[in-house]
Amino acid sequence: MVTNLAPVNGHGNVALFHRTLSGNEFDYQCGGTLVHKYLVLTAAHCVTQRSSKKPLAQGDILVKVGRFDISEQQEEQGRDHEVEQVLPHRDYKPLSFENDIAILKLKVPVIFTLLVQPICLWKRDDGIILPNVYRMPGTVVGWGLTENNTVASTLNQAQMPVVSYSRMLGK
């Protein structure tokens, strides 16, 4: 079940916008996640040229943090950040989406607030073994496609079970 995510809790979600062909505006393309004040984790296919490993130009990507409704031009807690470096995984395979992950390095640090926080990542030594969380509920958050096949304008969340990489690929 998909539900709206109230804009009251700190979250690490960011919206990635790409420069339009006119060159004067930016349109929403993908989501990402803050993992550090300078670093955003996202999908490689969101920051590379179509069916290519070649990164988009840094100036063609705008990272918006603290956003809840991406249809609004401005939100009080929202800040825009320019990208300094686009780093897709070196083994990204655009045709199969293997290693579909990338890091964006921002030009200036994100200022953390109650509404803008990095996500917490597992540490190798925290005692959690990944296979032990398979089938456990996990939360996915973003502005993805709705039931009507349109991009959601507000941040949403859904509960889904954690699955292995091979199960995700249907193997």
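This is a predicted model: local features need pLDDT of at least 70, side-chain atom pairs count only at pLDDT 80 or more; totals for chains, interfaces and linings use all residues.
Reader: Fine. Which residues does Thr150 touch, leaving out those up to four places away in sequence?

Author: With those sequence neighbours set aside, Thr150 touches Gly144 and Leu145. Thr150 itself lies in the loop between E8 and E9. Its relative accessible area is 41%, so Thr150 is partly exposed.

Reader: Let me step back to the whole chain. How many helices and strands does the protein have?

Author: There are one helix and nine strands. Going along the sequence, the pattern reads β-β-β-β-β-β-β-β-β-α.

Reader: And what do the contacts say about sequence separation?

Author: Take the contacts between residues at least 6 apart in sequence: 59% of them join residues at least 24 apart.

Reader: What share of the residues counts as buried?

Author: Of the protein's 171 residues, 33% do. The accessible surface comes to about 11,300 Å², and carbon and sulfur atoms account for 54% of that.

Reader: On to the rings. How should I read an aromatic pair?

Author: You describe a pair of aromatic rings by the distance of the centres and the angle of the planes. Here the count comes to two aromatic pairs. In one of them, the ring centres of Phe17 and Tyr28 are 5.8 Å apart with the planes at 75 degrees, so this pair is edge-to-face. Phe17 lies in strand E2 (residues 13-19) and Tyr28 in strand E3 (residues 26-34), so the pair ties together parts 11 residues apart in sequence.

Reader: Are those two residues buried or exposed?

Author: Phe17 has 6% relative accessibility and so counts as buried. Tyr28 is buried as well, with a relative accessible area of 19%; the cut-off matters for that value, because buried means under 20%.

Reader: What is the geometry between Tyr28 and Trp143?

Author: The centres of the Tyr28 and Trp143 rings lie 6.1 Å apart and the planes are at 65 degrees, so that pair is edge-to-face too. Tyr28 sits in strand E3, while Trp143 is in the loop between strand E8 (137-142) and strand E9 (156-161), so the pair ties together parts that are 115 residues apart in sequence. Trp143 is buried, with a relative accessible area of 2%.

Reader: Which residues make up the aromatic cluster?

Author: Phe17, Tyr28 and Trp143 form one cluster.

Reader: Which residue lies over the face of Phe17?

Author: That's Lys64, at 4.6 Å from the ring centre.

Reader: How accessible are Lys107 and Glu82?

Author: Lys107 is partly exposed, with a relative accessible area of 44%. Glu82, at 49% relative accessibility, counts as partly exposed.

Reader: Which residue forms a salt bridge with Glu84?

Author: Lys105 does, with the closest N and O atoms 3.5 Å apart. This pair links distant parts of the chain, Glu84 in strand E6 and Lys105 in strand E7, 21 residues apart. Glu84 has 36% relative accessibility and counts as partly exposed, and Lys105 is partly exposed with a relative accessible area of 30%.

Reader: And what about Lys93 and Glu98?

Author: Their side chains meet in a salt bridge as well, at 3.9 Å from N to O. Lys93 is partly exposed, with a relative accessible area of 41%, and Glu98 counts as partly exposed at 32% relative accessibility.

Reader: Last topic, the surface. Which residues form a nonpolar patch?

Author: Val163, Tyr165, Met168 and Leu169 do, with about 390 Å² of accessible area together. Of these, Leu169 is placed in the segment after helix H1 (165-168). At 42% relative accessibility, Leu169 counts as partly exposed.

Notes
Residues are numbered from 1 along each chain as its sequence is written. Side-chain values use heavy atoms; hydrogens and water are left out. Patches are made of residues with over 30% relative accessible area and no salt bridge: like charges are joined within 9 Å, nonpolar side chains (Val, Leu, Ile, Met, Phe, Trp, Tyr) within 5 Å. Accessible areas come from the Shrake-Rupley method with a 1.4 Å probe; for residues, only the protein chains shown count as cover. A salt bridge is a side-chain nitrogen of Lys or Arg within 4 Å of a carboxyl oxygen of Asp or Glu. Helices (H or I, at least four residues) and strands (E, at least two) are DSSP runs, numbered from the N terminus. Buried means under 20% relative accessible area, exposed over 50%, partly exposed in between (1.4 Å probe, protein chains only). Rings of Phe, Tyr and Trp (its six-membered ring) pair if their centres lie within 6.5 Å; planes under 30 degrees apart count as stacked, over 60 as edge-to-face and the rest as tilted. A charge sits over a ring if NZ of Lys or CZ of Arg is within 6 Å of the ring centre and within 35 degrees of the ring normal. Contact means heavy atoms within 4.5 Å.
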